[in-house]
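The following exercises concern the structure shown below.

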Amino acid sequence: MVYNWQHLFFPPKCLICGGPGHETLDICHQCRADLPRNWHSCCRCALPLATDAATGLLCGSCARTPPPFSRIIAPWLYQSPIDDLIQRLKFQQQLPVGRLLAQLLAREITRQDRPALLMPIPLHNRQLKSRGFNHSGEVTRMLAKELGIPWSPWLLRKVRETPAQHNLGGKERKKNLRRCFRFDSRQCPQHVALVDDVVTTAATAAETARALKAAGVKKVEIWALARTPADR
Ligand SMILES: [Zn+2]
Ligand SMILES: [Zn+2]
């Protein structure tokens, strides 16, 4: 734990309940302990499974068709207060919330087998202009700082605009995303992690992983904050 002058003048304060923060984080011990963990989940796509499921299980979908990514890390369920924190970052651009989420996610990443590069799941240029901000980019930037891993917001691009995914069924989602990501890198890293806020279905994760693998990346992981209980 490293304290610096900032913590002296601006002591950590819980961004959920307003109480004093824990260690150097802007979250108190109790609120951190109460975050909804995604304990029982598929070991490839992090889909929440039954609460009595053993660890290391695959969901039916990953068992039938192994996905192109090696795994999704999504430590929390998209429920209160994680959903609220993500929305505060996404729609109100509350950067301290982004820093907290990145710090919490960084603590879930083990030291072994770290990727050579982090990249956010990109937005199309038009989406970026209308929103003015890629919140996953903010989380990636702060996560890269926490972990000491290089990151790039530009190498992976969304080259085709797609209708919103949430109204579509599984097959339409896959069709909707086909060939809409492009990875431009002359020096292709072997191992990359893509950062997203919420994994609703693994369709976006799969399509981005496909684009990276087509460019020569050997191993693609998806690091997300939260997972929803939907099927691919
Ligand atoms: Zn609290
Ligand atoms: Zn799965």
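**Exercise 1: Helix α9**

Determine which residues of α9 are buried, and state why the helix counts as largely enclosed.

Solution. The model is a predicted one. Step 1: the buried residues of α9 are A203, T204, A205, A206, E207, T208, A209, A211 and L212. Step 2: buried here means under 20% relative accessible area. Step 3: because 9 of the 12 residues of α9 are buried, this helix is largely enclosed by the rest of the structure. Step 4: for its geometry, α9 covers residues 203-214 and reaches 17 Å from its first C-alpha to its last, close to the 16 Å expected. Step 5: just after α9, G216 adopts a positive phi of about 110 degrees.

**Exercise 2: The largest nonpolar core**

Identify which residues have the most contacts inside the largest nonpolar core, and which elements supply the core.

Solution. Step 1: the core has 34 residues, and I27, L143 and W223 have the most contacts inside it. Step 2: at least two residues of this core come from each of α4 (82-92), α5 (95-106), α7 (135-147), β6 (191-199) and β7 (219-227). Step 3: α5 gives the largest share, 7 residues. Step 4: domain 1 (1-34) and domain 2 (37-227) each contribute at least three residues to this core.

**Exercise 3: The surroundings of W223**

List contacts of W223, leaving aside neighbours within four places in sequence.

Methods. Residues numbered from 1 in each chain as written. Chains lettered and ligands numbered in written order. Predicted model: local features only at pLDDT ≥ 70, side-chain atom pairs only at ≥ 80, totals over all residues. Heavy atoms only, no water. Helix = DSSP H or I, 4+ residues; strand = E, 2+ residues; numbered from the N terminus. Expected span 1.5 Å × (residues − 1). Buried < 20%, exposed > 50% of the residue type's maximum accessible area, 1.4 Å probe, protein only. Core = buried A, V, L, I, M, F, W, Y, C linked by side-chain atoms within 4.5 Å. Domains from an automatic or database assignment. Contact = heavy atoms within 4.5 Å.
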